[in-house]
Amino acid sequence: MNIQLIIEVLGTIAFAISGAMLAVERKMDLFGVLFLGLVTASGGGFMRDVALGIVPPSMFVSPMVIPVGLLASFYTFLAIHWNQHMIPYLPEGMFQWILNFTDAVGLGLFTVLGVNVAIEAGYGECHKFVLFLGMLTGVGGGMLRDIFAGLTPAILRKHIYACASLFGAACYDCLLLCIRKEYAMFAGAVTVTAIRMLAYHFKWNMPRAV
């Protein structure tokens with residue numbers, strides 16, 4: 001199993017959990033939980049593949065993305081359903097922390113995956129396009145998740161979201177010049193996740209007009 005496949009599976013699980021948890025929070029039924037989890041897990045990769053002209057998009061070709069996304073969403077639904085009596089006793093903010101942590105992990109993993117796919121597609125010398133596709137892969141699923149859940153997308157409002165993805169994509173792209181790809185991908189993903197969680201903890205936001 002290569003590093004790209006490992007990252008794709010882990011990122012799919014993390015994003016599917018975050019999408020499923022938001023669906024539960026928004027009082028959706030089982031279909032809504034599965035749908036939102038899968039959209040979150042595959043939406044960014046779908047947008048990236050459309051931008052690259054890859055037809056059909058890899059989510060429909062990969063034997064992992066749709067089954068793993070659906071299973072992760074289903075088990076999230078079951079875990080919350082079976083333990084719903086314990087939710088009121090969780091520490092304040094724990095549900096939101098888990099949702100944000102899984103979202104941050106998915107954002108980091110899918111950002112470096114998007115950069116890697118763009119490079120392997122032959123665009124390694126076009127750094128701006130590579131960084132854009134890394135960011136699009138990272139934020140695309142969460143953006144669709146928020147739209148379907150009736151929320152303003154996090155990319156437009158929430159704690160250094162797209163900027164974290166863009167910075168991590170740039171870190172990965174630069175580190176490829178001096179260290180092995182596996183280490184560069186790990187460093188880029190950790191950078192995105194760390195920035196997102198620090199921004200969540202300290203309530204960092206981009207400036208607003210009012």
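This is a predicted model: local features need pLDDT of at least 70, side-chain atom pairs count only at pLDDT 80 or more; totals for chains, interfaces and linings use all residues.

Residues are numbered from 1 along each chain as its sequence is written, and side-chain values use heavy atoms, with hydrogens and water left out.

Start with the first helix. Helices are DSSP runs of H or I with at least four residues, strands are runs of E with at least two, and both are numbered from the N terminus. Helix α1 covers residues 3-25. The expected span of a helix is 1.5 Å times one less than its number of residues. For the 23 residues of α1 that gives 33 Å, and the end C-alpha atoms are 33 Å apart, so the two agree.

Within α1 there is Ala16. Ala16 is buried, at 0% relative accessible area; buried means under 20%, exposed over 50%, and partly exposed in between, with a 1.4 Å probe and protein chains only. What does Ala16 touch, not counting residues up to four places away in sequence? The list is Gly37, Ala41, Gly69, Ala72 and Ser73, where contact means heavy atoms within 4.5 Å. The C-alpha of Ala16 is also 8.4 Å from that of Leu34, 18 residues away along the chain.

Gly69, Ala72 and Ser73 are among the buried residues of α4, and so are Val65, Val68, Thr76, Leu78 and Ile80. The cover over those buried residues includes α1, α2 (30-52), α3 (58-61) and α5. Helix α4 itself, residues 65-82, has 18 residues and reaches 26 Å between its first and last C-alpha, close to the expected 26 Å.

Next, α5, residues 94-123, which contains Asp103. Is Asp103 buried or exposed? Asp103 is buried, with a relative accessible area of 0%. Beyond its neighbours within four places in sequence, Asp103 contacts Phe15, Ser18, Arg145, Tyr161 and Arg196.

Now the cysteines. A disulfide is a covalent bond between the sulfur atoms of two cysteines; the cut-off used is a pair of cysteine sulfur atoms within 2.5 Å. Searching the whole structure gives zero disulfides. Cys171 is in none, with its nearest cysteine sulfur, that of Cys174, 7.0 Å away. Cys178 is exposed, at 58% relative accessible area.

On to the rings. Rings of Phe, Tyr and Trp (its six-membered ring) pair if their centres lie within 6.5 Å; planes under 30 degrees apart count as stacked, over 60 as edge-to-face and the rest as tilted. There are eight aromatic pairs. Trp97 and Phe101 are stacked, because their ring centres are 5.2 Å apart and their planes are at 5°. The two are four residues apart in α5, so about one helical turn separates Trp97 from Phe101. Tyr123 and Phe129 have centres 5.1 Å apart and planes at 75°, so that pair is edge-to-face. Elsewhere, ring pairs join Phe31, Phe35 and Phe148 into a cluster.

Last, the backbone exceptions. Most residues other than glycine have a negative phi, and most peptide bonds are trans. Lys27 is not a glycine, yet its phi is positive, about 65°. Lys27 is in the loop between α1 and α2 and is exposed, with a relative accessible area of 75%. Lys203, also not a glycine, has a positive phi of about 60°, and sits in the segment after α8 (181-202). The charged end of Lys203 sits over the ring of Tyr200, 5.3 Å from its centre; the criterion is NZ of Lys or CZ of Arg within 6 Å of the ring centre and within 35 degrees of the ring normal. Finally, the Val55 to Pro56 peptide bond is cis, with omega near -10°, and Pro56 is in the loop between α2 and α3.
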